[in-house]
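Student: I'd like to learn how to read the features of a model like this one. Could you take me through it step by step?

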Amino acid sequence: MAEDNDSEPIADGSGTGIVAPDDETPTWSERKERTQGLSRLTYEYFERARREDQDLRMESDYVERDVLGFPAWPHEMIRNFALTSFFVGLILFLSATLPPHIGPPADPSTTPEIILPDWYLYWSFGLLKLGPLNPELSILGGEKLMADRTYGVVANIVVVGFIAMVPFLNKGSARRPVEQPFWAGIGVMGVAFAFTIAALSVKNLLPMDSHLLFDLTFLIPPVLGLISYTVFRAMQEGYMYSLNRRYYRLRPPK
Amino acid sequence: MADEFMKGLAIATASGLIWIVLAGWYNTPGFEETQLLGADPADPSALEAIALIVKEGLFWFMILGALTFWVVLPAAREARARLAN
């Protein structure tokens with residue numbers, strides 16, 4: 001870095017789209033001097049990357065602006081008003097065109113055939129059906145340590161406890177799954193388990209052998225987690241390559 | 001590229017919205033019965049017949065329109081760029 005660096009080079013993609021030369025960027029005559037060997041290879045590599053980036057920018061119609069933010073009034077408020085109007089209008093439209101069904105009043109004297117919680121609690125309802133996992137301990141003479149229903153409630157505590165623990169195990173500094181494949185795999189496993197355990201909770205409604213469903217409930221999530229881990233792991237090299245390419249294009253090594 | 005995605009998404013959501021309304025009107029025998037995918041009304045009036053045709057058209061427009069902007073046009077552009085090189 002030279003001392004007389006009074007004007008900061010603009011390298012955020014604004015302007016002509018061509019990275020402005022600063023004192024670290026070789027001049028064109030300097031580049032032409034690199035005519036052989038490793039320096040030639042390096043020059044071609046970065047020149048090609050720069051050229052690709054320039055072509056992409058030339059064919060893009062996206063305009064970058066040198067604006068840090070917009071004032072709340074009127075810009076942000078108009079945007080918020082537009083979004084609010086859109087969703088309120090959607091609700092009005094749907095409620096006018098598809099008026100909600102009003103069923104007969106509830107009959108407190110009869111019990112419905114199917115009793116289920118709301119769909120978003122199926123996973124918790126499924127955890128209550130883990131009876132086959134409750135071990136019969138030989139130390140207790142073949143007795144179970146706790147009743148199956150207690151076991152199901154404890155399973156809820158275990159799952160909620162694990163979810164509460166995850167932020168302490170990994171703060172989540174990755175901005176994309178490909179940056180931390182292991183934790184992405186853990187996440188995929190958790191999401192898959194939420195769906196499979198929800199399917200288990202309605203096992204009497206599914207056209208499927210319930211023992212097979214019980215096995216699949218615990219087999220599918222690790223398999224999906226492993227698959228996503230390997231896929232992200234395989235993507236990582238290419239991702240790091242393009243990331244590094246972008247970085248060194250803006251700050252070419254001397 | 002983002003514009004192409006937005007066009008496809010707008011086609012899919014807008015035609016899907018109209019489709020769901022028409023299907024709710026003409027292909028939903030009841031709340032507790034088949035929803036949106038019920039049988040067409042027997043002996044439809046002229047208005048109902050037009051609405052059923054529009055519904056069918058919108059259904060395919062939803063699928064083909066989104067596919068066009070998300071798959072066909074980018075693939076064609078990619079292929080043209082490959083051929084040009």
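Student: Which residues does B:Leu22 contact, leaving aside its neighbours within four places in sequence?

Tutor: Two residues are in contact if their C-beta atoms, placed from the backbone, lie within 7 Å. Leaving aside neighbours within four places in sequence, B:Leu22 is in contact with B:Ala51, B:Val54 and B:Lys55. Between B:Leu22 and B:Ala51 there are 29 residues in sequence and 7.0 Å in space, C-alpha to C-alpha. Bear in mind that this is a predicted model, where local features need pLDDT of at least 70, side-chain atom pairs count only at pLDDT 80 or more, and totals for chains, interfaces and linings use all residues. Residues are numbered from 1 along each chain as its sequence is written, while chains are lettered from A and ligands numbered from 1 in the order in which they are written.

Student: Where does B:Leu22 lie, and why does B:Leu22 count as buried?

Tutor: Helices (H or I, at least four residues) and strands (E, at least two) are DSSP runs, numbered from the N terminus; B:Leu22 lies in helix H1 of chain B. A residue is buried if 20 or more other C-beta atoms lie within 10 Å of its own, exposed if 12 or fewer, and partly exposed in between, with C-beta atoms placed from the backbone. B:Leu22 counts as buried because it has 20 C-beta neighbours inside 10 Å.

Student: Which residues make up the largest nonpolar core?

Tutor: In soluble globular proteins, nonpolar side chains tend to be buried together. A nonpolar core is a set of buried Ala, Val, Leu, Ile, Met, Phe, Trp, Tyr and Cys residues joined through C-beta atoms within 7 Å. Here the largest has 8 residues: B:Ile11, B:Trp19, B:Leu22, B:Ala23, B:Leu58, B:Met62, B:Ala66 and B:Phe69. Helix H1 (2–26) and helix H2 (46–84) of chain B are the elements that give two or more residues to this core. A second, separate core has 5 residues, including A:Trp123, A:Leu127, A:Phe193 and A:Leu200.

Student: Which residues of H2(B) are buried, and where is its kink centred?

Tutor: The buried residues of H2(B) are B:Lys55, B:Leu58, B:Met62, B:Ala66 and B:Phe69, and what covers them includes H1 of chain B. The bend at a residue is the angle between axes fitted to the seven residues ending there and the seven starting there. In H2(B) there is a kink of about 45 degrees, centred on B:Thr68.

Student: How do the axes of H6 and H7 of chain A cross?

Tutor: Two packed helices are described by the angle between their axes and the distance between the axes. Axes are lines fitted to C-alpha atoms, for helices over the stretch in contact, and angles run from 0 to 180 degrees between N-to-C directions. Helix H6 (residues 181–201) and helix H7 (residues 210–250) of chain A have axes that come within 8 Å and cross at roughly 155 degrees.
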